[in-house]
Amino acid sequence: QQLESYNQWSTMDYVNYQFWPRFDAGLGLGGGYVNVNAGSDMTFEQFQGRIAWRATDKSSLTFHGGLEYRQFLSGGVSPMLNPVFGLAFQTQIAKKTSLSLSADQGLGASYFSNQAYESTSVGVTLAQILSRKLVLSVSGNYGTVTYTSSAIGVAPLGSYVYTYFTTSLSYSFTPRVSLSATYQFSDNSSEQPGLSFTVNQVGLQLGYSF
């Protein structure tokens, strides 16, 4: 009964320039409108810059970041001005080993009534080719979510911290047929009663490409 749905329309448009063959950058403007089923509708505007840099044939970096200004159309709450960004870095640290790093921060409407949130997350993935047909992948992610009220007189829901760890082992029987076994551990620690949980999951996936 405390949950709600919403529809969001948004756009983010960039003007890009290639400074060198391996480096380009751009400036972007964007915005959107959020129609909330129960609570305050929202509008937001963003100004961001972004870069894409392929430092070597084995390493690449993309980053975008800037500011978002979010308004609540009812409820009497002051607008929010927050930084937003996203980062992705990939590199092949050895002939058979690759590393990926990611980080994100953003704002959004919540599924809880009269709430908006700010989220921040960081992640890392390591992939190792064990043999011609066997690949091991290990990844982890850590994030925080902080709620803010979108209406006067409504208390914010506080915050929660989540972590998850995933490992998978893939075997290719043929170039088209593969089998993967996966294990994932998830932990969610919340200030709200009933919203904390810990989950262990195992999975098996058979793939065929054509």
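Modeller: Start with Y33, which is found in strand β2. Strands (E, at least two residues) are DSSP runs, numbered from the N terminus. The model is predicted, so local features need pLDDT of at least 70 and side-chain atom pairs count only at pLDDT 80 or more, while totals for chains, interfaces and linings use all residues. Residues are numbered from 1 along each chain as its sequence is written, and side-chain values use heavy atoms, with hydrogens and water left out.

Biologist: How do I read strand pairing?

Modeller: Two strands pair if DSSP finds at least two bridges between them. Here, 14 bridges join β1 to β2, and these strands run antiparallel. They form a hairpin with two residues between them. Within this pairing, Y17 has A25 in β2 as its bridge partner.

Biologist: Over how many bridges do β2 and β3 pair?

Modeller: β2 and β3 (residues 42-56) pair over 12 bridges, also in the antiparallel sense. L29 has F47 in β3 as its bridge partner. The hairpin of β2 and β3 has five residues between the strands, and G39 there takes a positive phi near 135°.

Biologist: Now the rings. How is a ring pair described?

Modeller: A pair of aromatic rings is described by the distance of the centres and the angle of the planes. Rings of Phe, Tyr and Trp (its six-membered ring) pair if their centres lie within 6.5 Å; planes under 30 degrees apart count as stacked, over 60 as edge-to-face and the rest as tilted. The structure holds 11 aromatic pairs. One of them, W9 with Y33, is stacked, at 6.2 Å centre to centre and 20° between the planes.

Biologist: Which parts does the pair of W9 and Y33 tie together?

Modeller: W9 lies in β1 (residues 6-20) and Y33 in β2 (residues 23-36), so the pair ties together parts 24 residues apart in sequence. W9 counts as exposed, at 52% relative accessibility.

Biologist: Please show me an edge-to-face pair.

Modeller: Take F112 and Y147: 5.8 Å centre to centre, 90° between the planes. F112 lies in the loop between β6 (97-109) and β7 (115-129) and Y147 in β8 (residues 134-149), so this pair ties together parts 35 residues apart in sequence. F112 is buried at 18%, and Y147 is buried at 13%.

Biologist: Which residues do ring pairs link into a cluster?

Modeller: Y17, F19, W20 and F23.

Conventions: Helix = DSSP H or I, 4+ residues; strand = E, 2+ residues; numbered from the N terminus. Buried < 20%, exposed > 50% of the residue type's maximum accessible area, 1.4 Å probe, protein only.
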